[in-house]
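Colleague: I would like to learn how to read the features of a model such as this one, going from the whole chain to single residues. Could you take me through it?

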Amino acid sequence: MKRSSIIALIVVFVIIAAVIVGAVTTNGAVRMQDCSECEGAGVVAVADYETGDETEYTCSTCGGSGQEEAGSSMYGTFWALVPPIVAIALALITKEVYSSLFVGVVLGGLMYTNFNFAGTVDAVVTDGLMASIADGAGIFAFLVILGIIVALVNRAGGSQAFGRWAATHVKTKIGAALATFALGVLIFIDDYFNCLTVGSVMRPVTDAKKISRVKLAYLIDATAAPVCMIAPISSWAAAVSGCVESETYSGLELFIKAIPFNFYSLLTFVFIIAISIMGFDYGKMAGFEFKAVQGDVIGNTDDIAINDEAPVTDRGRVFDLIFPVIVLIISSVFGLIHVGGFFGVDAWGGTECAGDFIAAFGNTDAYIGLPWGGIISLIIIVVYMLLRRVISFKDAMKCVPQGFIAMVPPILILTLATSLKNMTGLLGAKFFVAGIMSSAAAGLFSFLPAIIFVVACFLSFATGTSWGTFGILIPIVTSIFPETSPLLFVGVSACLAGAVCGDHCSPISDTTIMASAGAQCNHVDHVATQLPYAITVAAISFVCFVISGFLPNIWVVLPLGIVLTIGTLFVIKKLQKSKA
């Protein structure tokens, strides 16, 4: 048996033993949660079918208290975060993501049902796997559509033509890295769309310049979520806006005012540019880059669906890649604002956002809008390639199962990761975190931005969801800071920056999974290689948030953060040379 397998077994047994101890020690403890019937309000509204008038009645489930007894004795405690911690630890130790995530899901089910076997199976299947498939059906469809489009472009020779063009115009590794970064910044609409589009477009370029796939995955991952988090017109801005509860500021206004203090996102861009120009790597990334120079750009091929099939035609042109990308971008934007109600009625029957582009973006649902735009773009691309006669209809149809197969690994990982998030939610992790934040607000006011950043990092890393993280923390942050205080914007930024940082580092994050899929590299290798880079920027961001708590002046703190980032890289490079 391999050493990593032995370690994994030991970890599993130790954690399960600890959880059993926790179950014994918490046995009999009564945990309360928001009432499932009235959602904590204590009353339910019943509408008259004839008049439409609503009458409020006391909730019969909770008796008007808004609280009911939780099903798990571990609800709302630290134990709620144990399943994702176990899954992440196992994934990093064994480098096997499927079984690690499944162990986490099962462990969460055991804890949620107080170790009842039948209840655990029901929770894992119904509340975990089936719920994640139902909730993620839209993004799964979009993934398959993108896989089909990539297969079409490859078969028509578009990717190969772009690779030949890039070989003559992008002369160096630095140019390839910066071009990948620039394209990632330009596609700021949605992180899923960013990851898969940038990966499919830039993969031939980075391969030609001997940049490892894990380095490409880092470049994709480090621009996807951070750029969406500082772009007012993006699915992330819409999600943040929906979490804000303020009488003074609208959600979008608060989001925009918080952008300058989002140190993690901004300094990540500085980090990418600086390390690309300085031309070095450190940590595990350096090993993969050394192998890439020797010709092995892909690295570990486990859990990767690689398409080595040669194009059907050599008549492919660069435009055969550019045109599908442009069509996909336009169609996706169109789909998002259509679902949001820009053209009259939104997906829920409302008309409030008609003619208002920003409001429609804030009201959209990417899980509906992206597949909507993806299907339109797929039809247009197939017709275009048939008219160009670079591909036959029969060959085009062969790309459908080929694109689906290429997306099976990320779909499986995303399903298991979402199931794990569902288990964490059932265990009430957000209430445990809310309690920590409330207790910290009393005596550490000026340090709160830094504390919020750390808590958001940990919560996002453990749960794998940045959206869930700022959905939990933003209402808490806006209630802690007065709306007249400049620390309100710093606090919101710290929450958003921490959510992005944890999401960037977490192996169960959907954005991290999409980056691995876009670069076509091993998922665990991507996580392990980018962790040192992300932690470096996170440490500098933490220092910036500590300073901002006492001096909330962006013209002082942000330049200081830039200097610290570049200076840190110079120090690391010097240390690398000393070791060499």
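**From the fold to single residues**

Modeller: The protein has 25 helices and 4 strands, and please keep in mind throughout that this is a predicted model.

Colleague: How many residues does the protein have, and what share of them count as buried?

Modeller: The protein has 580 residues, and 54% of them count as buried. Its accessible surface comes to about 23800 Å², with 66% of that area belonging to carbon and sulfur atoms. As for contacts between residues at least 6 apart in sequence, 78% of them join residues at least 24 apart.

Colleague: Which residues have the most contacts inside the largest nonpolar core?

Modeller: The general idea is that in soluble globular proteins nonpolar side chains tend to be buried together. Here the largest nonpolar core has 153 residues, and those with the most contacts inside it are L152, F263, Y264, M385 and F453. Helix 22, residues 487–505, contributes the largest share of this core, with 13 residues. Taking L152 as a case, and not counting residues up to four places away in sequence, one finds that it touches L378, I381, V382, M385, I391, A396 and C399.

Colleague: Why does T180 count as buried?

Modeller: A residue is called buried when its relative accessible area is under 20%, and T180 counts as buried because its relative accessibility is 0%. T180 has its place in helix 7, which covers residues 173–186, and its side chain reaches the backbone oxygen of A176 at 2.8 Å. Leaving aside neighbours within four places in sequence, T180 is in contact with V198, M202, T206, L216 and L219.

Colleague: And where is P449 found?

Modeller: P449 is found in helix 20, residues 448–463, and P449 is buried, since its relative accessible area is 0%. Not counting residues up to four places away in sequence, P449 touches F481, L487, V490, A494, F545 and G549. The C-alpha atoms of P449 and F550 are separated by 9.8 Å, although the two residues are 101 residues apart along the chain.

Notes
Residues numbered from 1 in each chain as written. Predicted model: local features only at pLDDT ≥ 70, side-chain atom pairs only at ≥ 80, totals over all residues. Heavy atoms only, no water. Helix = DSSP H or I, 4+ residues; strand = E, 2+ residues; numbered from the N terminus. Buried < 20%, exposed > 50% of the residue type's maximum accessible area, 1.4 Å probe, protein only. Polar contact = N/O pair within 3.5 Å; in protein donor to acceptor, adjacent residues only side chain to side chain. Contact = heavy atoms within 4.5 Å. Core = buried A, V, L, I, M, F, W, Y, C linked by side-chain atoms within 4.5 Å. Areas by Shrake-Rupley, 256 points an atom, 1.4 Å probe, with all protein chains shown as cover.
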